[in-house]
Amino acid sequence: MLSLSLDLPEFKVIKQENGSNFHFVVVEKECEEERCPYCGFLAGSVHDRRIRKVRDIALLHKPLYLFIQVRRFRCHNCLEIFSETYDSVKPGCHQTSRFREYLYEQCIDTTIQFVSRKQQIPYSTLERIFYSVAQEKAGEHKEVIEKKRKEIQKTWF
Ligand SMILES: [Zn+2]
């Protein structure tokens with residue numbers, strides 16, 4: 001069996017299957033504890049697990065799907081239930097952030113229609129990804145410019 005490196009350090013690989021058209025990798029987050037988003041306490045008791053499927057950048061020209069074993073925790077302090085979060089996958093997204101970035105770059109170099117056909121992603125889905133990444137980038141851009149502006153202002157006045 002071919003062993004592939006995911007280059008996503010927050011996950012450990014539980015199981016890997018290389019199909020003829022796809023790679024499937026079952027992963028779990030390395031971290032054992034999560035901070036409760038409601039009260040800030042460290043919660044260590046796992047309430048349940050569910051599988052979340054996300055698409056990642058292709059490996060050896062085959063689409064790669066991650067099956068993330070999402071742990072839900074129950075907070076000891078406030079008793080709320082919450083899911084763990086990831087650096088490489090945003091909440092509610094069906095693709096890893098690096099795959100979304102990749103798609104965005106591809107769309108810039110070609111067209112949304114072309115990438116949609118090549119990656120076999122519905123046009124409307126890809127369009128949504130494209131504009132959401134573009135918006136994030138615009139936000140980052142603004143931050144960088146604003147930081148620079150403050151720096152310059154400090155040295156001048
Ligand atoms: Zn809590």
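**Helix packing and domains in a predicted model**

Helix H1 (residues 97–109) packs against H2 at an angle of about 130°, and their axes are 7 Å apart. The model is a predicted one.

Reader: Which residues of H2 does H1 meet?
Author: On the H1 side, the contact uses Leu103, Gln106 and Cys107. By class, the contact of H1 with H2 has four nonpolar, two polar and no charged residues. The partners in H2 are Ile112, Val115 and Gln119.

Reader: Is the crossing of H1 and H2 left-handed or right-handed, and what is the hand for H2 and H3?
Author: Good one to check on the model. The crossing of H1 and H2 is right-handed. For H2 and H3, the crossing is right-handed.

Reader: How do H2 and H3 pack, and what is the term for their orientation?
Author: Helix H2 covers residues 112–119 and helix H3 covers residues 123–156. Their axes lie 9 Å apart, at an angle of about 120°.

Reader: Which residues of H3 face H2, and what classes make up the contact?
Author: H2 contributes Ile112, Gln113, Val115 and Ser116, which meet Tyr123, Leu126, Glu127 and Phe130 in H3. By class, the contact of H2 with H3 has five nonpolar, two polar and one charged residues.

Reader: How many residues does each domain give to the contact, and what classes are on the side of domain 1?
Author: Domain 1 supplies five residues and domain 2 supplies six residues. On the side of domain 1 that touches domain 2, the classes are two nonpolar, one polar and two charged residues.

Reader: What feature does UniProt place at residues 34–78, and how much of the span is strand?
Author: The unreviewed UniProt entry lists "domain: Transposase IS204/IS1001/IS1096/IS1165 zinc-finger" there. The end C-alpha atoms of residues 34–78 lie 14 Å apart. The span is 0% helix, and its strand content is 71%.

Technical notes:
Residues are numbered from 1 along each chain as its sequence is written. This is a predicted model: local features need pLDDT of at least 70, side-chain atom pairs count only at pLDDT 80 or more; totals for chains, interfaces and linings use all residues. Two residues are in contact if their C-beta atoms, placed from the backbone, lie within 7 Å. Ala, Val, Leu, Ile, Met, Phe, Trp, Tyr, Cys and Pro count as nonpolar, Asp, Glu, Lys and Arg as charged, and the others, Gly among them, as polar. Axes are lines fitted to C-alpha atoms, for helices over the stretch in contact, and angles run from 0 to 180 degrees between N-to-C directions. Helices (H or I, at least four residues) and strands (E, at least two) are DSSP runs, numbered from the N terminus. A crossing is left-handed if the near helix is turned anticlockwise from the far one by less than a right angle, and right-handed if clockwise. UniProt positions are given in the numbering used here, feature names are shortened, and annotations may be inferred rather than shown by experiment.
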